Amino acid sequence: MTEFAHITPTAYLDLFATGRPFHLTLAHLIEQDPVYANWYAARDLSRGMDPYVNVMDNSAFEMYKQGREMYPSDKLIEMGTKVAADYIVMSDYPGQPSQVTIDKAIEMAPELRDAGFGTFFVPQSSEGDLEDLISAFEWASTSEHVDYIGVSILAVPIAYGVEKDNKLQRFTSRWKFMRELSNRGILNTIKENGKKIHFLGMVDGPNECTLVEDYLWYIDSWDSSAAVWAGLCGIGFDESPTGLIDGKNEIEVDFDHDSGDIADIALAMKNIRFIDQQFWTDRGEDW
């Protein structure tokens with residue numbers, strides 16, 4: 001079963017994150033928001049009674065958008081320790097040849113392992129270089145340096161050349177990519193070697209979950225802020241093909257948001273159920 005982490009502003013962690021078996025924590029919030037970091041530090045004390053998996057993201061998406069350098073290993077280890085992460089996402093470089101991210105993973109993996117963390121690798125490639133991205137997944141499928149593999153909301157559209165100004169193509173890109181990995185046997189190799197797959201973020205609507213339904217057996221976990229943040233902005237998921245008839249909510253997530261508006265909170269809860277129910281469907285013995 002695919003476990004889903006709903007990313008939420010700090011003020012709503014108790015409401016939207018408590019009790020979920022998978023969490024994705026964000027490095028830039030751990031660095032900037034002591035309330036956020038302390039929430040996870042305190043939660044770890046009762047982890048034996050309420051177990052969960054915690055992947056600490058390297059905030060590459062935020063760094064990429066801001067044009068900032070990626071966090072170094074020592075800083076990631078410091079922050080991962082603070083929130084008791086199980087895995088740490090290694091530095092990745094959207095829009096650059098795959099070898100840049102591979103070389104960094106080879107450098108970082110021993111440091112993370114020595115510090116007690118599992119390794120999370122996010123393949124990347126130059127724009128329009130699909131074969132290079134596929135080769136990075138193929139490398140990760142057998143690499144001793146990789147425990148978890150992330151399918152990026154940026155990397156796949158970039159590889160197909162559709163990351164900007166082409167929402168229909170962007171919405172279908174990860175479905176097409178998973179089909180490509182499946183046809184080449186790479187998904188099976190990943191699973192046979194005991195590695196996990198994670199979908200990072202969500203593109204242009206919650207029905208991406210349904211779009212990749214044939215590959216959910218391979219997807220161990222997924223995260224997105226879409227459900228909570230859309231609800232807090234007064235936007236509800238709908239019955240359109242993507243689940244968002246007006247397209248992706250382009251308002252940047254405000255992690256300091258704390259309006260307490262009951263109607264918006266209820267809408268966020270409804271959006272969360274919209275996504276969760278796509279993974280709770282009875283899929284038979286093979287699931």
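The questions and answers below go from the core to the strands, the helices, the loops and the cysteines.

Tutor: This is a predicted model, in which local features need pLDDT of at least 70, side-chain atom pairs count only at pLDDT 80 or more, and totals for chains, interfaces and linings use all residues. Residues are numbered from 1 along each chain as its sequence is written, and side-chain values use heavy atoms, with hydrogens and water left out.

Student: Which residues touch the most other members of the largest nonpolar core?

Tutor: A nonpolar core is a set of buried Ala, Val, Leu, Ile, Met, Phe, Trp, Tyr and Cys residues joined through side-chain atoms within 4.5 Å, where buried means under 20% relative accessible area, exposed over 50% and partly exposed in between, with a 1.4 Å probe and protein chains only. The largest such core has 86 residues, and the members that touch the most others are Met56 and Trp222.

Student: Which helix gives the most to this core?

Tutor: Helices (H or I, at least four residues) and strands (E, at least two) are DSSP runs, numbered from the N terminus. With 6 residues in the core, the helix that contributes the most is α7, residues 130-142.

Student: What covers the buried residues of α7?

Tutor: The buried residues of α7 include Leu130, Leu133, Ile134 and Phe137, together with the polar Asp132 and Ser141. Contact means heavy atoms within 4.5 Å, and the elements that cover these buried residues include α6 (98-114), β5 (118-121), β6, α8 (155-160), α9 (167-183) and α10 (186-192).

Student: Which residue of β8 stands opposite phenylalanine 199?

Tutor: Two strands pair if DSSP finds at least two bridges between them, and strand β7 (residues 196-200) runs parallel to β8, joined to it by 3 bridges. In this pairing histidine 198 has serine 221 as its bridge partner, while the residue opposite phenylalanine 199 is tryptophan 222.

Student: Which residue of β8 is the bridge partner of phenylalanine 4?

Tutor: β8 also pairs with β1, in the parallel sense and over 4 bridges. Within β8, Ser221 and Asp223 point one way and Trp222 and Ser224 the other way, and all are buried. The bridge partner of phenylalanine 4 is tryptophan 222.

Student: Why is β7 described as largely enclosed by the rest of the structure?

Tutor: Strand β6 (residues 148-151) runs parallel to β7 and is joined to it by 4 bridges, with isoleucine 149 partnered by isoleucine 197. β7 is described as largely enclosed because its buried residues number 4 of the 5.

Student: How far does helix α13 reach from its first C-alpha to its last?

Tutor: The expected span of a helix is 1.5 Å times one less than its number of residues. Helix α13 (residues 262-280) has 19 residues, for which 27 Å is expected, and its reach, close to that value, is 26 Å.

Student: Which residue caps the N-terminal end of α13?

Tutor: A cap can be read from a side-chain oxygen that lies 3.1 Å from the backbone nitrogen of alanine 263. The residue that provides this oxygen is aspartate 261.

Student: Which side chain has a polar contact of 2.4 Å with serine 240?

Tutor: Serine 240 lies in the loop between α12 and α13 and is buried, with a relative accessible area of 11%. A polar contact is a pair of N or O atoms within 3.5 Å; within protein, one must be able to donate a hydrogen and the other to accept it, and residues adjacent in sequence count only if both atoms are side-chain atoms. The side chain joined to serine 240 at 2.4 Å is that of aspartate 238.

Student: How far apart in space are glycine 95 and serine 125?

Tutor: Glycine 95 sits in the loop between β4 (87-89) and α6, and is partly exposed, with a relative accessible area of 35%. Glycine 95 and serine 125 are 30 residues apart in sequence, yet their C-alpha to C-alpha distance is 5.5 Å.

Student: How many disulfides are there?

Tutor: A disulfide is a pair of cysteine sulfur atoms within 2.5 Å. The sulfur of cysteine 233 is 19 Å from the closest cysteine sulfur, in cysteine 209, which is too far for a bond. Cysteine 209 is buried at a relative accessible area of 1%, whereas cysteine 233 is partly exposed at 27%. The count of disulfides is 0.
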